[in-house]
Amino acid sequence: MFIVIEGIDGTGKTTQAKRLAEHLTSQGKTVILSHEPTDGPWGTLLRNSASTGRLSPEQELETFLKDRRQHVTEKIAPALAAGHTVILDRYYFSTMAYQGARGFDPQEIRRKNEAFAPVPDLLLIMDLDVDTAISRIGVRGDTANEFEQRANLARCREIFLSLKDEPFAKVIPTDSDPDEVSRKILEALPA
Ligand code: TYD
């Protein structure tokens, strides 16, 4: 079973990914919980670039792809081959959304990724309106910055929601309390 949790910042993905991992582990499954960007060299470069200066759009997209190739080869594919349950906090749908919002064609990004990255069995799209997300992540700075952030997240949310009719996708509203969100996630799991 390969489960991916996606959504804009502020939707509580990371908490829910951990809870889901604990739940499936308590059912006796071997669960590999991982995240992107990874803690490997490319992922670290991407995280550092948030403070040292953002990469060019092309470099950024290429680096997310390099990070993912390594993640698939070294961790995701071997775990799936061993029959383990894999839960990812972000994957190539984030590249479609965030690098799509930066100007690349989301469908082209999807094709590039699906050439080497396995498609999940379940994609949980954690959904939240942008105003609530912004207040949860506490965007600071000037108004222009906040306006830019808001427009960017709105575009990312739109791209995530464009995936809602995929047979493997489920949209999970995250405006309720975390326990309610966890219940909705468990309901979305195949029997
Ligand atoms: P994340 O780890 O969710 O944030 P945090 O460090 O706060 O826990 O993701 C870091 C950022 O990377 C997030 O804003 C989304 C972005 N991102 C992309 O732009 N493209 C991608 O392919 C991925 C996986 C993440």
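R90 places a polar side-chain atom 2.6 Å from an oxygen atom of the ligand, in a model that is predicted. T95 also has a polar side-chain atom 2.6 Å from a ligand oxygen, and for R47 the distance is 2.9 Å. A polar contact here is a pair of N or O atoms within 3.5 Å. The protein covers 69% of the 550 Å² of accessible area that the ligand has on its own (Shrake-Rupley method, 1.4 Å probe).

Which residues surround the ligand? They are D9, K13, E36, P37, R47, F64, R68, R90, S94, T95, Y98 and Q99, each with a heavy atom within 4 Å of the ligand.

R90 lies in the loop between β3 (85–89) and α4, and has a positive phi of about 80° although it is not a glycine. P37 sits in the loop between β2 (31–35) and α2 (41–52), and a cis peptide bond with omega about -5° joins E36 to P37. Most residues other than glycine have a negative phi, and most peptide bonds are trans.

Helices (H or I, at least four residues) and strands (E, at least two) are DSSP runs, numbered from the N terminus.

## Helices α3 and α4

The axes of α3 (residues 57–81) and α4 (residues 92–101) come within 11 Å and cross at roughly 175°. That makes α3 roughly antiparallel to α4 (angles over 145 degrees). Axes are lines fitted to C-alpha atoms over the stretch in contact, with angles from 0 to 180 degrees between N-to-C directions.

On the α3 side, E60, L61, F64 and R68 meet Y92, T95 and Q99 of α4, contact meaning heavy atoms within 4.5 Å.

## Conventions

Residues are numbered from 1 along each chain as its sequence is written, and side-chain values use heavy atoms, leaving out hydrogens and water. Local features need pLDDT of at least 70 and side-chain atom pairs count only at pLDDT 80 or more, while totals for chains, interfaces and linings use all residues.

Technical notes:
Angles under 35 degrees count as roughly parallel, over 145 as roughly antiparallel, 65 to 115 as roughly perpendicular and the rest as oblique. A polar contact is a pair of N or O atoms within 3.5 Å; within protein, one must be able to donate a hydrogen and the other to accept it, and residues adjacent in sequence count only if both atoms are side-chain atoms.
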